[in-house]
Amino acid sequence: MFMRSGRKLDKTLTSLFKFDKNTSATLDRLVAEIHQNKELCSYQFLNHPGSQDMLTGILKLVHSEDRRIAGNASYVIGSLAETALGCSRIVRICTASSEEESSEVLKSLTSLLDVANTDLETVLNAAGTLGTLAENEDGRLWLLRQAELNETIDRITTLLSYEDNWVASNAALVLARLTISEEGCARVLNHPHSTDILTQLIKSLRIDNDGAGMNAAFAIGRLCDLQTGRVRLLNHKNSGQMLESLLKMLQSDDIACQKNACFAISCLATNTLGHSRILNNDHSNCLFSSMPKMLTSSDEESVWFAAMTVHTFACQKQGILELRRDPEIVSALLKVSEQSVSEDAKNEVNAALELLEKLTKPNALDVQVQSAYVISVKWNKIFPKSGLEVWYELYRGRVNIEKVHFYSH
């Protein structure tokens, strides 16, 4: 269609904003061209002299009572929003409209998420479009400023448990991308049905081929970045299921799934309660067996996530003692410290190694005989970076005569 018309605005293209008898067929052809070559078609559309009118028209077609037209319009918007230029222009049109018109766009996209009255492909397109808009900073900000978003989040939450895994995955993706920003996290946590949202996110945690579990893990990780979110998730009635699922996801063959689970676990572990519950979980072995593999992965992001997680656990007593008993993790950290990795990963690795290093050999004792019955013994106190208290044992010959944590006796 664009190849034939070039840069001219012929009658076929004008039907996208004049809404005549050819509109539906023209939209169908545009969808077909996007399917054929999305990158080329998006470029030609956005650089066409009539693109502003066409884009404005397609945004209005989302309101169509004809579900096929509305679904196709949603797909086109989502495809164009995958480019920075397309997303910025869509947001610009929406924000330039009246407040009522702007909210109508989101309201119409939200209505397309109704599985009871909409075909599956349209639901997928609408959820995918919302996820694409939420990925872009401008698009996400526009969504978060809409009062209608609470209803959208309700619909998305319902889709998390939908039987079609791709629908569930797209729904989880929307929440994951909304929570990229703190404002998005706050919008979820302050939602009237936030407890149900957290419940459905926890139930979505799993190893799958569609990405629902991976996206849910990212959203939970982002929510745990906030103290409020971390406390609420750890106090949630299904928190045990959450921890078990995240630990199991570390064993996934999917690198992205591993990374997002690792991210969520590291955020939960910054809390003393989370730290303890993860290490005391029946599946904590998943954590210790997966860290050496992730640390030595060829994927730099995996190395960073693993190093950050090990460092987080090394910051508290139980974690540091558990890690010191695992030679594979220490060995992997030492190996990474000698390799060329990102500066962030290197800093996390070095910080973890400093906390895990063994105590240095103490200096010789300062022994002074004060009388026939009293001997004063002093030594230099050791202050390990781990912050753990150091105990000293005094021997007379081979007999242990005292165990103390101070530096003189």
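Before you start: residues are numbered from 1 along each chain as its sequence is written. In this predicted model, local features need pLDDT of at least 70, side-chain atom pairs count only at pLDDT 80 or more, totals for chains, interfaces and linings use all residues, and side-chain values use heavy atoms, with hydrogens and water left out.

**Exercise 1. Find which elements have the lowest and the highest mean pLDDT.**

Step 1: pLDDT is the predictor's confidence in each residue, from 0 to 100.

Step 2: Look at the protein as a whole. Its average pLDDT is 90, and 95% of the residues score at least 70.

Step 3: Go element by element (helices, H or I with at least four residues, and strands, E with at least two, are DSSP runs numbered from the N terminus). The lowest mean, 52, belongs to helix α1 (residues 2–5), while helix α14 (residues 194–204) has the highest, 98.

**Exercise 2. Work out how α19 and α22 pack.**

Step 1: Start with the geometry (axes are lines fitted to C-alpha atoms, for helices over the stretch in contact, and angles run from 0 to 180 degrees between N-to-C directions). Helix α19 (residues 272–279) and helix α22 (residues 317–324) make an angle of about 35°, and their axes are 9 Å apart.

Step 2: List who touches whom, where contact means heavy atoms within 4.5 Å. From α19 come His-275, Ser-276 and Leu-279, and they meet Gln-318, Gly-319 and Glu-322 of α22.

Step 3: Sort these residues by class: one nonpolar, four polar and one charged. Here Ala, Val, Leu, Ile, Met, Phe, Trp, Tyr, Cys and Pro count as nonpolar, Asp, Glu, Lys and Arg as charged, and the others, Gly among them, as polar.

**Exercise 3. Describe the two largest pockets.**

Step 1: Define a pocket: on a 1 Å grid over the protein atoms alone, an open set of points with protein on both sides within 12 Å along at least five of seven lines; lining residues have an atom within 4 Å of a point. Grid points are joined across faces, edges and corners, and a volume is the space filled by probe spheres (1.4 Å probe) set on the points.

Step 2: Take the largest pocket, with about 380 Å³ of space. Its lining has 16 residues, and Leu-365, Val-377, Leu-394, Tyr-395 and Ile-401 lie nearest the centre. Strand β3 gives the largest share, five residues. By class, you find 10 nonpolar, three polar and three charged.

Step 3: Now the second largest pocket, about 250 Å³ in volume. Its largest share, three residues, comes from α22. Domain 3 and domain 4 each give at least three lining residues. The classes here are seven nonpolar, one polar and three charged.

Methods
Domains from an automatic or database assignment.
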